[in-house]
Amino acid sequence: DASRAVGGLLPVLGGADTNKSHGITQELRAVSAPGDSPWKWLAGAFYYRNRLYDCANVGALANLPTLPIQIPGLLNGVLPNPCPGNVAKLGDQLTIGELKGDIELQEKALFGELTRELGEYWEVTLGARAYWIESGGDVTTAGALYATQNNLMEVSRANSVSEHGISPKASIVFAPTDTVRSYFTVSRGFRFGGPQIGASIPGHDVPEVYKSDVLWNYELGLRSDWLERSLRIDISAYHIDWKNPQVFQVANIGNLIATNFIDNVGAARGDGVELAMRYLPRFARGLSLDVSVAWNRTVTTESFDSSTGVVVPKGSPWPLSPRWQTATTLAYAQPIRDWLLGASLRHVFMDHACNTIECTAQVFDYHTLDLNVFASGPEGSWWPQLSVTLNNLTDERGIGNVTTNPFPAGDTVTYIAPRALVVRVSGSF
């Protein structure tokens with residue numbers, strides 16, 4: 001909500017946005033009782049409902065006339081009144097565009113798993129999730145920005161997406177000893193599609209709905225314990241086939257006005273390996289070392305026509321998907337009388353990645369160090385728990401994201417949190 005003019009001549013547009021949501025999630029599940037039976041089972045039902053409301057207004061901030069909030073009837077379709085939540089933000093400025101969405105998401109599901117032990121070393125699990133989803137609502141546009149497509153009127157369009165299906169799961173576990181356990185899993189997952197809370201602008205057609213995306217995940221893993229269970233190593237490899245993945249898109253009018261929407265890339269593929277290690281040396285009780293390393297390569301498998309007019313070729317990297325990630329934590333905790341005292345040092349590395357599917361900027365590519373010292377009183381006592389944390393102690397200036405904005409605002413760069421000292425005192429009674 002800033003006001004400025006370029007060179008004192010060009011009227012600059014400002015915006016205000018009001019959004020809210022409320023929802024409910026319920027799940028009921030039943031599981032088999034522990035026992036010596038080779039059969040285990042799980043069954044349940046799931047319900048989810050969420051109502052989303054968003055209203056955005058674009059107003060003239062400089063060099064355009066202002067009007068009272070009550071606009072004459074002849075201009076109602078062209079120059080709308082702001083949404084109630086935006087009136088205080090825009091004041092009596094001339095509102096020349098309005099985009100309002102009122103969407104409801106709903107999912108019902110039944111799920112279950114059945115596990116059978118096969119002999120002493122093998123275990124097989126089969127499961128499925130049957131789902132029914134509905135996503136629908138109204139999207140309303142008004143104002144000079146949409147005058148051409150709306151025929152100088154306020155237009156409300158209703159769209160809905162209804163889908164149902166079954167997401168299966170299968171896994172097999174092989175545990176030849178009590179210190180080695182391997183598995184192979186195949187599973188299917190999906191994410192909601194629905195009406196677009198976005199509208200076409202001159203020169204850019206925005207799809208009225210976007211599709212649900214579906215992926216198949218294939219994973220092979222191994223867990224092993226060594227050195228009398230003081231060292232645990234987990235390693236897994238996966239392959240993902242992703243159909244109609246959803247991406248965030250921005251369309252501009254002459255670098256002045258932007259509209260945001262969701263679109264579907266035809267397909268993507270992901271391959272990766274993850275390694276986790278935990279070491280509790282017996283020669284130094286209370287000392288622990290945790291290391292995790294992940295390598296990932298997720299790319300598009302079909303070309304994509306982006307909102308900027310750029311054709312994103314097959315094999316382009318997926319946004320916000322770094323090739324390498326690592327996390328290492330060295331910690332020490334020791335009981336002294338009835339207290340537990342300790343400290344930890346954590347290092348995180350994030351490899352570089354693209355900010356969008358068009359890769360207009362590089363993000364991440366940083367290292368951070370966090371130091372934590374804590375003290376916990378006797379369990380059940382009134383003594384508080386104290387922790388002092390120095391986050392990002394080297395004050396690294398890593399980039400978390402880069403968002404493309406229309407002129408004159410330019411790109412918005414979001415940095416990771418700077419060095420900060422956090423003191424926390426907590427207790428229970």
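This is a predicted model: local features need pLDDT of at least 70, side-chain atom pairs count only at pLDDT 80 or more; totals for chains, interfaces and linings use all residues.

Q: What's the S to S distance for Cys55 and Cys83?
A: The disulfide between Cys55 and Cys83 has its sulfurs 1.5 Å apart.

Q: And where do Cys55 and Cys83 sit in the chain?
A: They link distant parts of the chain, 28 residues apart. Cys55 is in strand β2, while Cys83 is in the loop between β2 and α1 (87-90).

Q: Are Cys55 and Cys83 buried or exposed?
A: Both of them are buried.

Q: OK, how many disulfides does the count come to?
A: Two. The other bond joins Cys354 to Cys359, S to S 2.0 Å. Counting bonded cysteines along the chain, the pattern is 1-2, 3-4.

Q: Which hand does the disulfide of Cys354 and Cys359 have?
A: Its torsion about the S-S bond is about -70 degrees, so that disulfide is left-handed.

Q: Why is Cys354 called buried, and what does Cys359 count as?
A: Cys354 is buried because its relative accessible area is 6%, and buried means under 20%. Cys359 has 31% relative accessibility, so Cys359 counts as partly exposed.

Q: Switching to strands. How do β5 and β6 pair?
A: In the antiparallel sense, over seven bridges, with β5 covering residues 155-177 and β6 residues 180-191. A hairpin of two residues joins β5 to β6. Within that pairing, Lys169 is opposite Ser187 in β6.

Q: What else does β6 pair with?
A: Strand β9 (residues 213-226), again antiparallel, over 12 bridges. Arg188 has Trp216 in β9 as its bridge partner.

Q: And from β9, where next?
A: β9 also pairs in the antiparallel sense with β10 (residues 231-243), over 13 bridges. Leu215 faces Trp242 of β10 there. β9 and β10 form a hairpin with four residues between them, and in the turn Leu227 has a positive phi of about 50 degrees.

Q: Now rings. How many aromatic pairs does the structure hold?
A: Seven. Take Tyr121 and Phe174: the ring centres are 6.4 Å apart and the planes are at 85 degrees, so that pair is edge-to-face. The two are 53 residues apart, with Tyr121 in the loop between β3 (95-118) and β4 (122-142) and Phe174 in strand β5.

Q: How accessible are Tyr121 and Phe174?
A: Tyr121 is partly exposed at 37% relative accessible area, and Phe174 is partly exposed at 28%.

Q: Which residues do ring pairs link into a cluster?
A: Tyr48, Tyr131, Phe190 and Phe192.

Q: Which residues lie over a ring face?
A: Lys20 lies over the face of Tyr53, 5.5 Å from the ring centre.

Q: Last topic: what's in the largest nonpolar core?
A: That core has 18 residues, and Leu99 and Tyr146 have the most contacts inside it. β2 (39-60), β3 and β4 are the elements that give two or more residues to this core, and the largest share, five residues, comes from β3.

Q: What does Tyr146 contact?
A: Leaving aside neighbours within four places in sequence, Tyr146 is in contact with Glu98, Leu99, Thr141, Ala199, Ser200 and Ile201. There's also a second, separate core of 10 residues, including Val348, Met350, Ala361 and Phe364.

Notes. Residues are numbered from 1 along each chain as its sequence is written. Side-chain values use heavy atoms; hydrogens and water are left out. Two strands pair if DSSP finds at least two bridges between them. Rings of Phe, Tyr and Trp (its six-membered ring) pair if their centres lie within 6.5 Å; planes under 30 degrees apart count as stacked, over 60 as edge-to-face and the rest as tilted. Buried means under 20% relative accessible area, exposed over 50%, partly exposed in between (1.4 Å probe, protein chains only). A charge sits over a ring if NZ of Lys or CZ of Arg is within 6 Å of the ring centre and within 35 degrees of the ring normal. A nonpolar core is a set of buried Ala, Val, Leu, Ile, Met, Phe, Trp, Tyr and Cys residues joined through side-chain atoms within 4.5 Å. Contact means heavy atoms within 4.5 Å. A disulfide is a pair of cysteine sulfur atoms within 2.5 Å.
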